[in-house]
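Hello,

Here is the structure I promised to pass on to you. Have a look at it first, and then read my notes below.

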Amino acid sequence: MSTSSASIGASIQRPYLEVKDLTIRFETDDGIVQAVSSSTFSVEKGQTLGIVGESGSGKSVTSLGILGLHRTRSNAKVTGEIWLDDEELITASDEKVRLLRGGKMAMIFQDPLSAMHPYFTVGSQIVEAYRVHHPGLSKKVAREKAIDMLARVGIPQPERRFNDYAHQFSGGMRQRAMIAMALVNDPQLLIADEPTTALDVTVQAQILDLIRDLQEEFGSAVIMITHDLGVVAELADDVLVMYGGKIIEKGPALDVFQNPQHPYTWGLLGSMPRLDRAVRDRLTPVKGTPPSLINLPDGCAFHPRCPYAGRNGNRSFTDVPVLRDAGLGGEHQVACHLPAEERTKIFQQEVLPNL
Amino acid sequence: MLAYLIRRLINAVVTLLVVTLVTFGVFFLVPKATGSDPALLYIGKQADPIAVEGIRTKLGLNDPIIVQYWKFLKGIVAGRDYSNGPDITHCSAPCLGYTFKTNQEVWPILIKALPITISLAIGAAVLWVLMGVLFGVISALRRGSIWDRGVMTVALAGVSLPIYFTGLLALSIFVYGLEWLPNAEYTPFFDNPIKWATGLILPWVTLAFLFAATYARLTRANMLETLGEDYIRTARAKGLKERTVIGKHGLRSGLTPLVTVFGLDVGALLGGAILTEAVFNLRGLGYWALQGIRQNDLPTILGVTLFAAFFIVIMNLIVDLLYGVIDPRVRLG
C-alpha cells in the first residue's frame, strides 16, 4: 500500500490487516464461552496467513469476528482492535462494517451447499452481492459481471449455470461459485474458512490453485483457515496454530513446519498421513479431546494432553504460558513453558524420527 | 410437467372415488347396524307398510349395495331417476339424492351454503396468515424478550381456547356489550361488499385467532431455525442490510413450510367450519353437516363429506404443484 501511505503520510505503516488482543466471548446459559483470547496477528496484501487448529479452537470465530458477524448476536462480546486498511473495525458503526463486509473483506465458507441459499439461483445470489456494494447499477450490468465471475473461476457455460440453483452444482463447482460470489467485489482481504473440507482430493487441489491464482491476480491478503496442514504448507506464508481459543505458535510457514516448537504442533504433524515415508503401524494422534471453551484447564490449556507437561515443574498446571519469541531468531513465536533448548532436543530426538 | 399434472389429477379422482366408496359403504352399513330403516327415516314412522315398501323401491334400497353405489355415482355424474312404477322423480346431475326430512335435493342446498363457507374460510385465512406471520417473525427476532413471551402466551391461549368459548366471548363483548358490531350474518359479496365484511368480521376474527396462534408458533420456530442456517450467515457476510437478510433470505425459507399447513387448513375449513358456523349461526356447509347429524339425514351427511373430501384433495394438489414452483429442490415428474 505504498500509494495510501504516501497520501496519508502516516508515520507508522500498519499492515493491511492487523488484529490486536482480539478477545471474543459468548455468554451462554452454561457459562461464558471464551472462544478467542487475546489473539494478535497481521496479514499484508499479497500474503497468505494460515490458521490451523482442531474444531473448536477458535479459528472460525476469529474470522467471523474480523467480518463483524458477531454483532448480530446479542450475547457476543468482542474486545481488542481490528485494523483493516487503517480503519479500526471493533469501534466502527454497524453500518460502516456492513459496507466493508462483502466489499473490502469477503469470506468463502466451507460446505457451500448449506452456505448458499437453496431457493435463489446461484447467479442471483452473486448479482445480489455485487449490487449491494454497487448501488444504482442496473441488473443487466450486474448479471454480466456475475457471468464473467463464474467464467473466471472456471465454471463452464456460465450463462446457463447462472440460472441454476446450488443443489444443481457439483461440490467443486459449487465451491467455485461461492468463490465467485466472494470475489465479485474485488475484496482486498479474503478469508477462506476450510474451503476444501467437503471436497474430494482432486477438486481440493483445483480449488486451492484457483484461490492462489486469484490472489496473485487481485493482490489480496488471504487468511486460510483449515485443519489440513497440507493446505497450509501449500499456500501459507505465515502460520498461526490455535488451541483452546489461543494462539500457541506462530511464525513463517517454513519455520513452523521445519522446526515446530509446540508439542501440540508436533501432535498435528504426527497425525498427518504421509506417503513419502515407510508405512508405520499407525499414526500418532494427539491423545485426548479438545478442551471445553467454557471451562478451560488451568495453566497451559494443552497440559492434560501434553506428554511433556511435567517437565518444567508445576508451571504447566498453574501458569498460562505467554506467546513469546521461540528463541530461534526470526518471527517464530511459541506459548510453551518448556525451555527452548529442551524443545529443540525433544523435537529432534523424539518427534522428528516418527514424523 | 403436463404428464405430472395429468397423473396427479387422475390420482385425485381416484382418491375421491375411494372416499365415495368408503363413505357410501359406512352410510349403508350404519342403518343395518342400528336397525333403523332409511325408508322409515324418509317417510316417517307412522307410515303404512305399503307406502314404506313403495319408498324403498323408489330409492332403490332393495338393490344390492354394488348397484346402489353405482346408481349413486351415476347420479353425481349424469343424474338419475327415482322411480316406483309410474311415480318418477328426476334428479339432474350432479345428484346427491334427497334429504330424508324435507325431501329437498341435497346438491342445491350445499351449493347455496358453499359461498358462506368460502367467505368465512378465505377471510379468516387472510387474517390469520397476516397476524400469525407478523407476530411469529417479530417473536423470532426478539427471542426471549417480554414481547416474545407475551405473544407466545397469547398464542398458547389461542390454541387452547375452543371456538365456542372465544366465539361466545366475542359475541357478548362486541355485539351485545359494546354494540360495535352487528350480529354475524351473511350477505353475498356481490350484493354489498361492505355488509359482507362487517357481517363476517366477528367469525373471521374468532376463527383466525385459533389459527393465527398456531401459525405464530410455527412461524417463530421456522424463522429461528432458518436464521441459524449457514446461508443467512453468508447473506450477512455479503454485506446485505439486516432488513434484506431477514425479509428476503429469512422469510423465503422460513415461510415455505407454512404453505403445506396452510393449504391443508384451508382445505379442511372449506369442508365446513362446524363450530364457528354453529356459534355464529351461519348456514354454511358446517351448519348442514350438523343438521344432517342431528336429524340422521344420511344423504346430507354424505354430501357434505364429499364436499369436504373434494376440497382437501384439491388443496393438496394445489400445494404439491405450488411446491414445484417455490422450492426448486422439488422436481416435479
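What percentage of the 333 residues in chain B is buried? Buried residues account for 36% of them, where buried means that 20 or more other C-beta atoms, placed from the backbone, lie within 10 Å of the residue's own.

Please keep in mind that this is a predicted model, in which local features need pLDDT of at least 70 and side-chain atom pairs count only at pLDDT 80 or more, while totals for chains, interfaces and linings use all residues. Residues are numbered from 1 along each chain as its sequence is written, and chains are lettered from A and ligands numbered from 1 in the order in which they are written.

Chain B has 14 helices and 2 strands (DSSP runs, H or I of at least four residues and E of at least two, numbered from the N terminus).

In chain A you will find an open sheet of 8 strands with mixed pairing, in the order E6-E7-E8-E3-E9-E10-E13-E12; strands pair if DSSP finds at least two bridges between them. Strands E6 (105-108) and E12 (324-325) of chain A stand at the edges with a single partner strand each, so one side of each has no neighbour in the sheet. Strands E3 (residues 48-52) and E9 (residues 238-243) of chain A run parallel, joined by 4 bridges, and A:Gly50 stands opposite A:Val239.

Finally, 23 residues of chain A are in contact with 16 residues of chain B (C-beta atoms, placed from the backbone, within 7 Å). Helix H5 (122-133) of chain A is among the helices that supply at least two residues of that side of chain A, and its 4 residues are the largest share.

Enjoy exploring!

Conventions
Buried ≥ 20, exposed ≤ 12 C-beta atoms within 10 Å, placed from the backbone. Contact = placed C-beta atoms within 7 Å.
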